[in-house]
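Morning, everyone. Today I want to talk about salt bridges.

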Amino acid sequence: MKHFPIFLLLAVTTVQAEQTVVSHDEDYYTADVRNTQLIYTQKNLPFAREAAKVEMLLQPAYEKAFGYVMDEPLYVGLISDRNQIANGFSTQYPNNRQINFIGGALMPDYFSAASWLNTLLYHETCHNYQTNAKDNVISQTLHTVLQNGSFILPWFTVPNIVESSFMLEGSAVLNESWHGNGGRLYSGRFKAATLMQAKAGYLTPERVYNDNYYFLYGSHFYTLGGFYNYYLAENYGLEKTNSYWKNHSHYWFWPFFTNNAMTDSVGADFETTFDGWRKKMEAEAQQVTETNGERIAGTQFIEPLNADAEKIYVVVNESGREEPELIIYDKATGNVVRDREPWFAGKAVRTPDGRYTTQSSAHVNPWRIYIGLYDDHGFLVDGTRGKVVEGYLSDGREVAFDVASSFERPQLYIGGKFYARTDSSVFVRGNDVYYCRQNGKTRTWYRNKTPLFTTRGYYGHIIGADDSGRTYFIANTPHGSGLFCYANGTFERMHPADTVIDARLIDENSAVVTAMGADEASIEKITFAPTEQAPYEVTLFVEKEPYYRAADPTAHEPENVPKVDLNNSYHSFLDMHYSATNIMLGSDEKAGFIFNVSVNFADPLTQNSLNFFVSRNLDEYTLGGGGYSNDQYFLHYSVFGYGVIDRPEDNASDPDDDSRDFGVTVMTSIPFVQTGYWYAAVNGSYYQDYDADSREPLSGELLVDYTQRFGVSLYPNFKLAASAYGASDRGDFAYGGTGTWKQGLPYEFYIGLGGQYSHSDADSPMDDHGIKMTKFQLAALADGDPTTVVMPSMRESSVYVKSVFKGSAEFKKVFNAAKYFFTFPVSLRREAFYVNYNRYEIEDFALETTGVNEAVAGLLFDTYWMNRLPIPVSVEYLYNDTDGIADEHTFRFGFGLTF
């Protein structure tokens with residue numbers, strides 16, 4: 001069997017890797033601020049200047065709070081409005097960087113913060129300080145040469161990258177919340193979710209520390225982790241709480257000693273502090289009042305309610321694994337209509353022509369990601385590009401946020417004209433608009449441009465108004481989130497529940513609400529039971545600490561802020577930096593010492609990457625070379641070249657050996673459709689094999705794919721794909737194609753059919769001519785030859801034939817029997833049973849056809865190691881009825897590392 005070096009596998013996948021920014025993006029510029037390089041577009045220049053002020057204050061504050069100075073410069077990207085995503089991320093590889101996207105106006109009520117931009121800076125920079133820590137001699141020494149690369153195991157150089165997201169995101173939520181900008185610790189929704197988990201007895205280390213498939217899903221890292229870290233800071237101090245990251249990085253060899261690192265930081269181990277927090281939350285949870293209304297629907301993923309004069313509507317996903325539904329509640333009759341379609345996640349909006357859409361963010365082509373209204377099959381509605389459409393006035397005018405100008409705070413436009421800056425979603429009734437504006441901790445609630453009342457805090461939004469002038473809104477309660485009303489100078493709480501996180505009025509006596517539960521959020525009808533009560537002001541202990549608002553430019557004007565302008569252009573190729581050296585070492589009984597050393601360069605936006613390598617593989621070849629990848633433009637490509645440094649002894653002195661001394665691999669991809677659930681691309685490759693002067697396939701492929709996957713479904717809920725390909729190899733030509741159909745069924749059953757046909761005009765299999773059949777998927781990818789056909793049960797690693805037809809049928813069933821552990825190293829998240837039947841018609845070069853039946857039955861175990869590493873484990877039985885090709889019965893064990 002041929003073992004392909006790591007660099008060749010990377011060459012294949014690079015052109016289709018996840019991009020940081022879209023291709024053909026706007027021009028970027030740079031400015032150096034302290035130890036930070038800001039990267040921004042001309043449109044984002046005002047926001048870059050604000051970010052410069054924040055960084056001048058934030059980094060000294062974080063250096064004090066985390067107890068160290070970062071050993072790497074920080075790259076902060078303020079990404080263009082061609083990438084309209086309500087998100088940001090932080091990494092240590094390829095650089096110490098954070099990428100901040102412009103789409104915060106899509107979810108203004110979720111973060112309970114005034115400035116989206118500043119929330120990103122506070123939160124993501126916290127991640128940079130968490131993961132950059134290296135409080136040990138080994139990691140510090142390795143860093144001087146390898147930067148943030150890897151040595152044998154990836155955490156030897158950057159120990160904290162393997163810490164659980166419960167701590168990573170929880171700490172970041174804590175640290176986003178002490179800057180006078182609000183934060184999720186002020187959120188009634190977050191508090192209600194935490195207390196409901198506590199009430200159900202779900203606050204256990206094994207459940208919250210692992211990435212699980214229970215309700216709240218990955219958001220529990222932020223929700224529960226945020227309040228746990230707040231408990232630590234309140235009881236032990238912010239600096240001791242944040243010192244956890246420096247102390248955790250001390251354990252470079254085995255950075256899974258959470259108890260030890262916590263003891264080093266606060267004087268008590270993780271389980272002890274967690275138990276103290278759990279008891280506190282469970283005690284408070286006993287005071288939570290639930291809605292107990294008339295259930296309409298449940299959902300595993302929470303989207304905003306919306307309404308017009310006649311209907312209330314919301315998108316739900318009751319299983320969390322199947323196609324979502326649009327729930328439409330008729331106010332007059334109480335009837336409920338369910339419309340199951342492949343809706344994008346987001347707030348449902350009914351357009352003036354009566355169509356239902358969802359407000360979402362998605363690709364509209366391979367070069368643009370836009371926020372807008374999307375129809376029931378994921379296509380952008382005309383005229384809504386770059387807008388968060390909140391509704392329409394009775395005269396038809398559109399009420400919307402302009403995304404491009406809303407990097408900091410939502411900018412509201414009515415009928416295409418600027419109307420106001422807001423700090424909440426907008427409720428539209430007739431020709432009136434209702435919204436909130438934030439000034440410090442004071443939240444002012446408006447109808448049109450007239451202030452109605454004020455509250456203290458950062459959480460809440462208006463959900464309704466009636467003919468008598470009463471204004472209904474969501475705000476904090478002492479134990480969560482509730483529904484309130486304001487009229488004539490008086491506040492009323494309309495229902496005693498602490499779990500109401502959203503609502504829409506049916507009439508003056510009832511409403512449809514979203515109620516937070518322990519295992520789902522429920523859509524319910526409630527009847528009002530008003531009592532006189534004002535919203536609760538959430539006061540965090542940090543508000544009384546000297547560091548409160550230390551990094552708030554409105555409270556402290558920073559001195560000596562560097563100039564931020566358009567004088568320094570960002571050139572992605574010229575801005576590539578030495579990012580890391582990765583060293584993998586190993587041994588093999590036959591091959592002896594094996595290794596892979598890769599020296600890598602990349603620009604902070606990862607539009608370009610360059611590496612140089614030396615690799616000795618299991619087949620005893622030692623190779624050296626380099627490669628370059630680029631996805632900045634319409635054509636994505638990678639080029640890797642190699643030279644053979646050393647060959648196996650058995651052919652090094654063979655005079656007839658025709659092995660190459662040098663070779664090249666080229667991969668290209670031109671995505672030309674990416675919209676809705678559709679993707680299409682033209683891919684090409686050229687590969688020169690290194691162990692024989694033989695195969696050098698030049699291939700092209702047209703791929704069309706339609707794939708739907710919802711929630712946490714393990715497999716696609718629906719897939720329809722086809723490809724056509726051709727390949728030329730040393731004068732021979734091969735062609736063929738594939739077809740795939742997959743369908744998800746209720747209760748996580750899945751079925752599918754597939755087919756592939758490949759034909760070559762070669763006359764002989766000598767020197768590896770013809771259609772390659774192989775037993776491993778990676779072999780088909782590594783040489784870039786799409787004509788390759790995979791037969792898993794085959795005895796030989798590869799054979800060559802004239803033509804092959806492969807027809808497949810599959811059946812899968814997912815089970816959700818889970819067992820999570822905290823101190824035991826392996827947890828089980830879910831399982832799948834699958835059966836595949838494959839029929840092959842194989843034509844050899846004597847033009848004789850052999851029919852082969854193959855069956856595969858297997859179990860897949862979705863395991864989670866060390867509370868951090870997802871590793872799928874599979875056990876398979878393979879049956880093949882053709883003795884000359886395969887053993888009749890074969891068992892196979894698979895173990896895939898995926899960190």
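First, a term we need: a residue is buried under 20% relative accessible area, exposed over 50%, and partly exposed in between. Aspartate 211 has 25% relative accessibility, so aspartate 211 counts as partly exposed. Keep in mind that this is a predicted model.

Now, why pair at all? Side chains of opposite charge can pair when their charged atoms come close.

How many salt bridges does a search of the whole structure find? The search gives 52.

Arginine 829 has 7% relative accessibility, so arginine 829 counts as buried.

Next pair: lysine 280 and glutamate 234. Their side chains form a salt bridge at 3.3 Å, N to O. Here helix α11 holds lysine 280 and helix α8 holds glutamate 234, 46 residues apart. Lysine 280 is partly exposed, at 39%. Glutamate 234 is also partly exposed, at 36%.

Arginine 321 lies in the loop between β8 and β9, and glutamate 748 in the loop between β40 and β41, so the pair ties together parts 427 residues apart in sequence. Buried or exposed, these two? Both arginine 321 and glutamate 748 are buried.

One last item. Arg295, Glu318, Glu325, Arg338, Arg340 and Glu520 are connected through a network of salt bridges.

How values were computed. Residues numbered from 1 in each chain as written. Predicted model: local features only at pLDDT ≥ 70, side-chain atom pairs only at ≥ 80, totals over all residues. Heavy atoms only, no water. Salt bridge = Lys/Arg side-chain N within 4 Å of Asp/Glu carboxyl O. Buried < 20%, exposed > 50% of the residue type's maximum accessible area, 1.4 Å probe, protein only. Helix = DSSP H or I, 4+ residues; strand = E, 2+ residues; numbered from the N terminus.
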